[in-house]
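Trainee: Could you pick one part of this model and walk me through it closely? I'd like the whole story in one go, please.

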Amino acid sequence: MPDLDVQLARRRDAAQLAAMSRRLVEAGLDPSWTVDRIERHIRHEDSVVVTARARNQLAGFAIMQYGDTTAHLNLLAVEPLFRRRGVGRRLVQWLEESAVVAGTFTVSLELRADNDVAERFYEALGYREVGRIRGYYQRVEDAIRMRRELSVPSAAPAR
């Protein structure tokens with residue numbers, strides 16, 4: 001998507017991001033990504049929250065938390081209208097590039113075990129399953145844990 005603008009989120013974005021998380025990521029669960037929690041990540045020096053906008057419309061967002069040796073992709077959401085148009089890929093690539101600049105070369109994440117679309121998306125970006133966690137999501141749903149070594153090029157070509 002050539003007209004996509006990826007930028008750091010602002011505190012004023014937090015309510016819209018929390019609503020998007022409830023609707024697209026946390027459906028069927030008690031919301032855990034509240035406005036306050038997202039605001040804390042926006043302000044925290046070890047976290048990065050980015051938004052993707054197309055023609056000033058929010059298309060997606062992601063939250064990554066950086067540690068000394070690894071980064072963790074906490075959340076990624078893309079509006080259905082913008083799916084399969086490279087928005088998720090651009091958000092993840094932006095965050096991965098930031099991780100490399102910070103000296104972090106491993107990214108991990110969890111996703112719902114029954115989310116085959118997300119699993120294929122991350123696999124296409126070079127992530128591999130490293131385990132499963134029973135009851136990870138509020139003791140209701142299992143998770144797949146995935147990891148990518150950023151020093152290893154992704155198998156999928158960038159769009």
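Mentor: What follows is a close look at the sheet, strand by strand, and then at the helices and loop around it.

First, the ground rules. This is a predicted model, so to speak of a local feature we need a pLDDT of at least 70, and side-chain atom pairs count only at pLDDT 80 or more, while totals for chains, interfaces and linings use all residues. Residues are numbered from 1 along each chain as its sequence is written, and side-chain values use heavy atoms, with hydrogens and water left out.

How far can you trust it? The predictor's confidence in each residue is the pLDDT, on a scale from 0 to 100. Its mean over the protein chain is 91, with 94% of the residues at 70 or more. The element names come from DSSP runs numbered from the N terminus: helices are H or I runs of at least four residues, strands are E runs of at least two.

Now the sheet. It is open and made of 7 strands, in the order β1-β2-β3-β4-β5-β7-β6, with mixed pairing. Its edges are β1 and β6, each of which pairs on one side only. On average, neighbouring strands are turned by 25 degrees against each other, ignoring direction; the axes behind that angle are lines fitted to C-alpha atoms, for helices over the stretch in contact, and angles run from 0 to 180 degrees between N-to-C directions. Two strands count as paired if DSSP finds at least two bridges between them. In general, strands of a sheet pair through backbone hydrogen bonds, parallel or antiparallel.

Let's start with β2 (47-54) and β3 (57-66). They pair in the antiparallel sense over 8 bridges, and V48 has M64 in β3 as its bridge partner. The two form a hairpin with 2 residues between them, and R55 in that turn takes a positive phi of about 50 degrees. On to the next neighbour: β3 runs antiparallel to β4 (71-78), with 7 bridges joining the two. G60 sits opposite V78 in β4, and the hairpin connecting β3 to β4 runs through 4 residues. As 8 of its 10 residues are buried, β3 is largely enclosed by the rest of the structure. Buried here means under 20% relative accessible area and exposed means over 50%, with partly exposed in between (1.4 Å probe, protein chains only).

At the other end, strand β5 (residues 106-112) runs antiparallel to β7, joined by 7 bridges, and T106 faces E149 in β7. Then β7 (residues 141-149) is joined to β6 by 6 bridges, again antiparallel, with R132 opposite I144 in β7. The hairpin of β6 and β7 has 3 residues between the strands, and Q138 there has a positive phi near 55 degrees.

What packs against all this? Look at α3 (residues 87-101): its 15 residues reach 21 Å from first C-alpha to last, close to the 21 Å expected at 1.5 Å a residue. That expected span is 1.5 Å times one less than the number of residues. Its buried residues include V87, L91, L95 and A99, and its buried set packs against β1, β2, β3, β4, α4 and β7. Contact means heavy atoms within 4.5 Å. Just past α3, G103 has a positive phi of about 85 degrees.

Helix α4 (116-124) also packs against α3; the buried residues of α4 touch β4, β5, β6 and β7 too. Those buried residues are A118, E119 and Y122. Down the axis of α4 they fall within an arc of 100 degrees, so they line one face of the helix; the arc is that of the directions from the helix axis to the C-beta atoms. V117 and R120 are exposed on the face turned away. After α4 comes G126, with a positive phi near 100 degrees.

Last stop, the loop between β1 and α1 (14-24), where you find R10 and D13. R10 is partly exposed at 41% relative accessible area, whereas D13 is buried at 8%. D13 touches T51 and R53, leaving aside residues up to four places away in sequence. R10 and I144 are 134 residues apart in sequence and 30 Å apart in space, C-alpha to C-alpha.
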